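User: Hello! I am new to this structure and would like to learn how to read its features. Could you walk me through some of them?

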Amino acid sequence: MIENNELAMNMQSQLSFEEFRKEVLNDYRQACISREVSLLGRREVLTGKAKFGIFGDGKEVAQIAMAKYFKPGDFRSGYYRDQTFAFASGIATVEQFFSQLYADPDITNDPFSAGRQMNAHFATPNVDMEGNWLNIAGMKNTAADMAPTAAQMPRALGLAFASKLFREVPELEQYSHLSSHGNEVCFATIGDASTSEGHFWETINAAGVLQVPLAVFVWDDGYGISVPRKYQTTKGSISEVLEGFKKNGNSNGIEIYNVKGWDYAGLCETFEEGIRKARENHVPVLFHVEEITQPQGHSTSGSHERYKSKERLAWEKEFDCNGKMRQWLLENALAEEELLRGIEAEAKVVAQEGRKKAWDKYIAPIREQVQVFIGVCQSIVEEGRGDTGFVSQQIQELSANREPQRRDILKAAAHILFKHPRNFSPALDELQAYYDRQLAAEKENYNTFLYATGPNSVLEVPEVPAVYADNAPVVNGYEVLNKYFDQLFSYHPLVFAFGEDVGKIGDVNQGFAGLQQKHGKTRIADTGIRELTIMGQGIGMALRGLRPIAEIQYLDYMLYGLQPLSDDVASLQYRTKGTQFCPIIVRTRGHRLEGIWHSGSPMGMIINSLRGMHICVPRNMVQAAGMYNTLLQAKEPAIMIESLNGYRLKERLPENLKEFTVPLGIPEVLHSGTDITIVSYGSTLRIIEEAMQTLEQMNISCELIDVQTLLPFDIHHSIIGSLKKTNRILFVDEDVPGGGTAYMFQQVMEVQGGYRWLDVAPRTLAAQAHRPAYGSDGDYFSKPNVEDVVKIVADMIRE
């Protein structure tokens, strides 16, 4: 019996060894494939088939080890050298990688960005077109990549923080498609030089405070493009510098591991231990992966021989991770030379086949378009009218182009049309129709999904008017919000609010007063003074199906959090062609108060840097509540800018606080008039209303319009209706000259064609070009005042 048991154990051991050997050899195969993709990708750029390339060669073995512990439900928030991880985790295929390299606009070929992002920028969908969250708990997920260094770090905090909430908030247990009891880890990757960015440090500090399952992988190849590590990092080691953050005993903090990027066995062992701690205990971990190489240098833009010594280049060749893994396989009798050569040869074939399939899919529809275009042009030549020689030249040039692009076809068509007047001939009319069809098709490829469509869009939310009882109570504006948020948090378990002073004291203007005590510290939370990662916290939560209200205390401090909102949130739907959504609501307050950094109204900056987000500028808190309701029924991001001087103004309290909605992009006429149209929003409306009392005594009838939202802006072009009646228009706000007023001016005059209905020149009235000075006099002389409005309106009437 003992002998039989020993035999069984030996057979089991042998089976385990064979499984291990098979897995290791498959890992080496994957490393070889990824290396061949990098080599081939660089060649495609240098031969002109692709525009630019940046690859993950030198990081193959570490990323394969990392991918072993990446489970369904986990999220990646990485940077643009993670191709091997994407292949190993199943997020991307070789063919898809090359489709993105060629900028294929067909989303079935490049499912990450439909050709809108550079190579190695991956994304996975999180919402379907019907507005339903996908089963992200059952998927391996990645947030859409960005190029700005360290930009992936703030949202990584939020992706990990969401796991903490899913584990600790009982009301979230029902959302099993979003999380499995908070067991998900966020894998964040970053280059060593990028750890110099403030984004990295703020994220590490916040992760250590919050204790979230964030696993940070620092790929250390010794350089930041051409700048050596000694000029990047104190002591030349990010892990050594971070020792003060290290968790010890029962303290908070992070776990830190050091491992060599070429040590396959060590990488697997270290990653397994660290990620297990992160997953089970919600402890942030950092892996400093050292001695990484870059066989092809930083990118296709240059050669690393320019800045690396011969000794360094020789060391990189010796410690190439693929070569080291090969050596390890031979030394441990896991493979023989012949087998490894076969794997390496197979890897070349796999990379070549993926490249060829991607190229064929990319070029085939373009060549078909070329043939259609040539057919149309042949009709012009045969018709014999116009400059047939020029048309024949365009045909010849396109026919000779072996790798045509869509723009080549449209440029050729446009130049033929430029040479001939409209209605010149039936054949040229057909070319015009062809050109218009193709231009529309390419706009669909390249100019869509800045905002959501269908059920995900705020524009699809039905309007529900506010209902008031006859004896509706009149309360302060902040009390309207307080009652609204109380009701909201009572019935909507996915909503969370957080920011500086939001929790215990209920925000600086009392909108959340007493609500943390009622709804709990996880639902309504205080944060550190860290606007950048407050935004990141909200971004990551929103990507995972929660509905965060992330607060920036004052509008002036939006600059601290602007980068992730601009580079990530505002462009997300566009750069993923509507497959990934981030419905964060940023709550802030601004306009009139006191002083340079507490009374700003930088609307031009916000409008122009955040296209892709909705910008709500409610005049009072009832309007704000209705806009919150609208936003929470859609899947789009927005900024809510509450008026600072409106919190203690009296308002009637609606009966249906949690149901009524304010449609976005629909201006409201506050006062009807016949002599002049005044267009404004927010706090400035009250200045204008006061001025209108004087103007009325001067027999000047003003029509006052509140735009309510700047993005979207007057989607039905209703302002033009007012202008047709008054033939005069004035745009007023508190931004600098050329800011918000110039934007409104352009929308009405150019987009809506308002210039056709003018009797006098249109005007703008903005604040001074400088920041507003402190004190009541500072406010008066820095921003539009009542007398300014009266004077400019009277001047326009006299004119």
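User: What does D706 form a salt bridge with?

Analyst: A salt bridge here is a side-chain nitrogen of Lys or Arg within 4 Å of a carboxyl oxygen of Asp or Glu. In this structure D706 pairs with R619, and their closest N and O atoms are 2.6 Å apart. Please keep in mind that this is a predicted model, where local features need pLDDT of at least 70, side-chain atom pairs count only at pLDDT 80 or more, and totals for chains, interfaces and linings use all residues. Side-chain values use heavy atoms, leaving out hydrogens and water, and residues are numbered from 1 along each chain as its sequence is written.

User: Into which domains is the protein divided?

Analyst: Domain bounds come from an automatic or database domain assignment. It gives domain 1 (17-335), domain 2 (365-443), domain 3 (458-652) and domain 4 (668-798).

User: How much area is buried between domain 3 and domain 4?

Analyst: Buried area is the accessible area (1.4 Å probe) that two parts lose on being put together, summed over both. For domain 3 and domain 4 that is about 2500 Å², with carbon and sulfur atoms giving 54%. R592, V617 and R619 supply 31% of what domain 3 buries against domain 4, more than any other three residues. Across this interface the rule finds two salt bridges.

User: How do I read the packing of α12 and α13?

Analyst: Two packed helices are described by the angle between their axes and the distance between the axes. Axes are lines fitted to C-alpha atoms, for helices over the stretch in contact, with angles from 0 to 180 degrees between N-to-C directions. Helices are DSSP runs (H or I, at least four residues), and strands are too (E, at least two), numbered from the N terminus. Helix α12 (388-400) and helix α13 (406-418) pack at about 175°, with axes 10 Å apart. They are therefore roughly antiparallel, a label for angles over 145 degrees.

User: Which peptide bond is cis?

Analyst: Most peptide bonds are trans. The bond from L711 to P712 is cis, with omega near 0°, and P712 sits in the loop between β20 (709-711) and α22 (719-726).

Notes:
Angles under 35 degrees count as roughly parallel, over 145 as roughly antiparallel, 65 to 115 as roughly perpendicular and the rest as oblique.
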